[in-house]
Amino acid sequence: MIPFHLEHTYAESLPGFFVDCPPAGVSNPSLLKLNRSLAQELGLDLDQLTGELSEKAFSGNQLPPDARPIAQAYAGHQFGSFVPQLGDGRALLIGECIDGTGQRRDIALKGSGRTPFSRGGDGKAAVGPVLREYLIGEAMHALGIPTTRALAAVATGEPVMREGPLPGAVLTRVAGSHVRVGTFQFFAARQQIDQIKQLADYVIQRHYPDLQELPDRYLALLHRVSDQQAALIAKWMLVGFIHGVMNTDNMAISGETIDYGPCAFMETYDPATVFSSIDHAGRYAFGNQPAIGLWNLTRFAETLVPVIDGNDIDHAVERATRVLETFYPTFQRNWYDGARQKLGIVPADKSLESDPTVALIDDWYKHLEDSAVDFTLAWRRLADAVDGSESPLTSLFNEPDALADWIARWKQLLLEDPPKELARRLRELNPVYIPRNHLVEEALAAASDEGDLQPFNDLLQVLQHPFEERSEWSRYAEPAPKDYTKCYQTFCGT
């Protein structure tokens with residue numbers, strides 16, 4: 001059997017936080033994709049990750065002997081409404097491994113069958129949504145954004161019923177951990193203060209060990225998680241990523257992007273962009289993501305109040321509120337700093353109120369919105385303008401002359417590097433390839449409907465090199481037709 005060298009600190013440290021549960025097993029597993037680079041990071045033997053052994057392991061048919069499959073308990077606010085028990089309805093944590101850098105990482109199966117938390121669902125997943133999570137996770141990783149990743153995708157040989165029968169699949173997901181804001185909410189809803197403290201201590205030891213000796217470590221945990229989420233959401237916003245379902249059970253305490261359901265990348269710049277079929281009111285629109293991040297963190301803070309100071313709740317609330325008030329300034333600092341780097345302009349040395357680069361950045365976004373410009377290409381073509389050719393940039397705008405004043409201001413604030421060097425740097429910061437929605441759907445449809453993985457593999461190869469422009473990959477940089485984007489919707493599938 002494939003040696004994973006699994007450990008189980010979550011199960012051993014937190015009894016009562018999960019239910020032991022075996023995977024259902026499948027009739028005819030076949031390997032769709034193995035993430036060889038991730039397997040190497042995890043220290044797995046690639047020679048053994050082939051054929052029947054890997055298909056059995058990654059489908060759940062024959063887990064490693066040191067596996068302990070558990071379904072984790074959590075609650076969550078879904079579109080603002082609290083559900084006191086959600087939990088892993090179709091996912092199983094099989095254990096943890098230590099990667100080559102010494103980091104502890106969860107290995108979990110997703111789509112492996114019903115658990116006690118399934119709430120009437122079938123616990124299964126379909127090929128399309130499984131490959132979407134694989135694809136988007138790898139794209140985010142290549143863009144330098146903290147994320148869960150897929151180790152493997154296995155077809156089950158069995159249909160799953162959605163709007164009709166679809167081919168089934170199981171995803172093997174790797175994460176820093178699967179502890180969510182909703183995990184804390186599960187115990188807070190039951191007023192189990194000791195369990196909240198246990199969980200907080202576990203998270204601190206696993207993710208933020210430098211906080212362990214602090215007298216106010218639970219308040220410090222809130223501050224650290226807030227900072228991590230502010231930085232993460234700023235990274236999303238800088239590449240046009242829309243999570244699509246930022247429920248509290250989809251916010252990881254580790255600061256990773258987790259749960260790629262109705263996610264998508266924005267094409268035409270518009271802060272009101274929503275692609276999720278279930279987000280009828282636009283709660284999780286692109287431009288709302290920072291506000292929702294703070295909302296979720298407020299729910300996290302509510303769970304920690306009794307352990308911050310159980311003797312003086314009002315004082316604990318006051319202290320937690322002061323921490324939450326740092327979220328927006330931290331988000332703005334990360335977002336503006338990221339935009340400065342992507343524009344190639346001088347770093348800030350003043351407050352936001354007096355920094356001249358802030359107005360330049362704000363005006364850039366206004367130009368993007370007014371002209372309904374493709375977000376990714378506009379950033380990418382800045383390098384051409386630095387390199388002596390402004391037309392690839394200005395031609396994207398409805399009124400190219402209107403951009404002339406902004407370009408003149410921008411060039412006055414550029415770093416004093418030689419133009420060729422600065423252009424090279426900008427191309428290393430601004431991707432030319434993102435998971436264009438029409439290309440993602442094309443690849444997933446081929447895999448699901450025809451069993452053809454070539455479009456998926458081709459797109460994956462491109463997305464793993466998002467900054468490396470190649471002529472043979474030109475179609476992957478082209479925006480979808482306007483009519484396509486106008487009607488495009490994503491769905492909760494996995």
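Let's start with two helices: the axes of H5 (residues 181-188) and H6 (residues 193-207) come within 9 Å and cross at roughly 160°. An angle over 145 degrees counts as roughly antiparallel, so H5 is roughly antiparallel to H6. Keep in mind that this is a predicted model.

**Where the helices touch**
- From H5, the contact uses Thr183, Phe184, Phe187 and Ala188.
- H6 contributes Gln195, Ile196, Leu199, Ala200 and Val203.
- Sorted by class, this contact of H5 with H6 has seven nonpolar residues, two polar ones and no charged ones.

**Aromatic rings**
- There are 28 aromatic pairs in the structure.
- Take Tyr269 and Phe286: their ring centres are 6.3 Å apart and their planes stand at 85°, so this pair is edge-to-face.
- Tyr269 and Phe286 are 17 residues apart, and each lies in the loop between strand E12 (264-265) and helix H8 (289-308).
- Tyr269 has a relative accessible area of 8%, so it is buried.
- Phe286 is also buried, because its relative accessibility is 2%.
- Both rings belong to one aromatic cluster, whose members also include Phe331, Trp335, Tyr336, Trp364 and Tyr365.
- Among the other members of that cluster are Phe375, Trp379, Phe397, Trp406 and Trp410.

**Charges over rings**
- Arg180 places its charged end over the ring of Tyr74, 4.4 Å from the ring centre.
- The charged end of Arg475 sits over the ring of Tyr476, at 5.2 Å from its centre.

How values were computed:
Residues numbered from 1 in each chain as written. Predicted model: local features only at pLDDT ≥ 70, side-chain atom pairs only at ≥ 80, totals over all residues. Heavy atoms only, no water. Axes fitted to C-alpha atoms, helices over the stretch in contact; angles between N-to-C directions. Helix = DSSP H or I, 4+ residues; strand = E, 2+ residues; numbered from the N terminus. Parallel < 35°, antiparallel > 145°, perpendicular 65-115°, else oblique. Contact = heavy atoms within 4.5 Å. Nonpolar A, V, L, I, M, F, W, Y, C, P; charged D, E, K, R; others polar. Phe/Tyr/Trp six-rings, centres within 6.5 Å; stacked < 30°, edge-to-face > 60°. Buried < 20%, exposed > 50% of the residue type's maximum accessible area, 1.4 Å probe, protein only. Lys NZ or Arg CZ within 6 Å of the ring centre and 35° of its normal.
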